[in-house]
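Please look at the sequence and the model shown here, and read the briefing that follows beside them.

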Amino acid sequence: MCGSSERLRLVTRKPPVGDPGGDKPRITPPKTWATGVPAIVHAMEYSLEETSPRRAALTLLNINQTEGFDCPGCAWPDPAPGHRTRNEYCENGAKHVNDEATSRRITAAFFEKYAIGELAGKSDLWLNQQGRLTEPMVKHVGSDHYEPITWSEALGLLAEELRQLSSPDEAIFYTSGRAGNEAAFVFQLFARAFGTNNLPDCSNMCHESSGAALKETLGVGKGDVSLRDIHHSDLVFLVGQNPGSNHPRMLTALEQTKRNGGRIVAVNPLPEAGLIRFKYPQKPRGVIGRGTQIADQFLHIRLGGDLALFQALNLLLLEAEDARPGTVLDHEFIENHTSGFTEFGAHLRQLSWKDVLTATGLTRAEIEKLRDLVLGSERIVVCWAMGLTQHKHAVPTIREIVNFLLLRGNIGTPRAGVCPVRGHSNVQGDRTMGIWEKMPREFMDALGREFSFTPPAEHGWDTVDSIRAMRDGRAKIFLGLAGNFVRATPDSAITESAMRRCRLTAHISTKLNRSHTVCGEIALILPTLGRSEKDRQAGGEQFVTVEDSMSQVHASHGRLEPASRTLLSEVAILSQLARRTLGDSVDVPWDQFEADYNLIRQRIAHVVPGFENFNERVVKPGGFGLPNPVNEGVFPTPSGKALFTANEFQMPHVPDGHLLLQNLRSHDQWNTIPYTLNDRYRGIHGSRRVVLVNPADLRALGLTDGALVDLVGVWHDSVERRADGFRLVSYPTARGCAAAYYPETNVLVPLDSVAEISNTPTSKGIVIRLEPSPPRQAAASRSSA
């Protein structure tokens, strides 16, 4: 496609039913604080719109409790047992769990009423609002309707199609972080026993850059801090993240940091409310008081400028050591536990301050003030999220953060370290269980020994490569375990076209989403239990386990009656499918796995390091923590030491008259699914098709606040990527930057625009120009509203 001489135009649909994108939104000033009583009110309003007071109470009293279920939302860790409140959830967690626990149901009559083509014209919001899926459905070749199918027929059909493939590598097994450890382990075992490592997952699109950078420099691709470390750190960096909306319970931990005397630095292009001030609604000070100031310093950095910022900060630390030898750097730590320091220092001393100030949009005084905060702090934690990981130079940026922490011995010690904040419930656990297309040889050998087969040796496809394979006809079957693949991925038109080229697409899901409307020749909907629901199997009532962002593994017990008697658990669906597909060709007791999840955990204990005596340890309140050798002073790198790296200076280059766009979530949104058309912390009400631009940039571009524009992506192939009909909102973001919501703007992210090394789509660094929408577009947008 990219080699074609014909210029292609990929355009998003007009604002769909239920999403008045072209209507003029109501704009209010951005909030300067987060949570408080309004969060409780909004959480309760949404919960009671979705389900009964009794069912809502059951969910909220059991979420994140030691005998309850893990929140299906973010992966922020729970406080230790004995330190949890009875309301251990945030506004968005309450919304998410009651969105899943909704009383609305989708039956066969719904699919008889709505053709797939008609559903494809509905908005993400409308699709989600229809309720829980209740029975398996199939779309046959040539049909535009789903119709009922029995579980036996559905799994038999999928198994037969898998067996007919020319090669196991024509199948893709995708996973979202919603799946528990047991389902993830069974899923990857099935895929590898089938003969492929094609196991893309949502990590490929979010924290793959974190894993790549940390694995290279520290030898472990995970963070090394605990909640206690956050609470007692002297200085916490929050870089490229918005905890107030994406992981709100983090604000409680940050408030504790401040009350213990620690300080916080926020680095973000947007003035996010949760980074400014927090009102904890379970304390009087969060109801009647001003709450707690979060950021002691707020750096409104330009998109993609974080590498330059940390390089400048590291240079200032080296110069401070030059001026006061032996008082700034931890020379003993550097000498005994690191390598590459000399090369790193020589490289950094060539840094140009002119380049730094251009890349960051900050002043030297602001960066020197940050240096002073650092010099006044003994123990430092750096937290980050997708604002760092979704840039072309994301991996070098995170390596530079590691350099920063190594300089003063802030790795592998209490109250300090690296903290990639993952935004999906069990995404880290899925990777631990083997959901990765490039699992290390040690894991594969252990898996083969345990189940007496030889796993495939060749690496599989990640998410971006899977889309390419479907586009090019090299992949024929797509099986998704949770998630909303077509709305989470880049280059929406190409992704949807690729999915439609498949022979069969199948999704294991709780609710209807856009991916169910983008079908292969044959399509299956396989409805499953939610995290909050009871899971009864032949061996009795089961529980699952999850791993949070800080490597704590704990149990999750469903407490609600299932939405339908027809639903199967994820483990049951996968075990039955594996048995139907593979028969007795591998020595795996699929029937026993389905009946008793303890047996899965026994086998996990034999394969995955750190899970010894899994069943005995996980039933203890709060579960157990996985070992991290970094915290023992051990760095499993080739040299046996932590690695300083010399990272080439990089920054996005934006032509005159263009802006750098980041796509992001609204407050009332969970991953790809909006719950309302509002984003109250940013002051947006009644629409999602808005683009936030600095008022000085609007003036420079000759555009007017409130005008209707098209967003046109600029990339060096022959494809024009355009998102039509967005309202301009004058907003205090960094100069030269813009922001808009995904998935509406995923159409602008080129499939081939990816981070170096990690292959993560560059969703936070999209070069765009703004074009006034033609009158016909504006009229069409108003009429669709």
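How many residues does helix H7 have, and how far does helix H7 reach from its first C-alpha to its last? Helix H7 (residues 151-163) has 13 residues and reaches 18 Å, close to the 18 Å expected at 1.5 Å a residue, where the expected span is 1.5 Å times one less than the number of residues. This is a predicted model, in which local features need pLDDT of at least 70, side-chain atom pairs count only at pLDDT 80 or more, and totals for chains, interfaces and linings use all residues. Residues are numbered from 1 along each chain as its sequence is written, and side-chain values use heavy atoms, with hydrogens and water left out.

**Helix H7**
- Helices (H or I, at least four residues) and strands (E, at least two) are DSSP runs, numbered from the N terminus.
- Among the buried residues of H7 are Trp151, Leu155, Leu158 and Leu162, buried meaning under 20% relative accessible area with a 1.4 Å probe, protein chains only.
- The cover over the buried residues of H7 includes strand S8 (171-175), strand S17 (477-481) and helix H25 (570-582).

**Helix H21**
- In helix H21 (residues 441-451), the buried residues include Phe443, Met444, Leu447 and Phe451.
- Helix H8 (181-194) and helix H27 (597-607) are among the elements against which the buried residues of H21 pack, with contact meaning heavy atoms within 4.5 Å.

**A sheet of 3 strands**
- The open sheet has the order S3-S11-S12 with mixed pairing, and strands pair if DSSP finds at least two bridges between them.
- Strand S3 (34-35) and strand S12 (292-293) are the edge strands, each pairing on one side only.
- S3 pairs with strand S11 (residues 277-279) in the parallel sense over 2 bridges, and Ala34 stands opposite Phe278 in S11.

Methods. Buried < 20%, exposed > 50% of the residue type's maximum accessible area, 1.4 Å probe, protein only.
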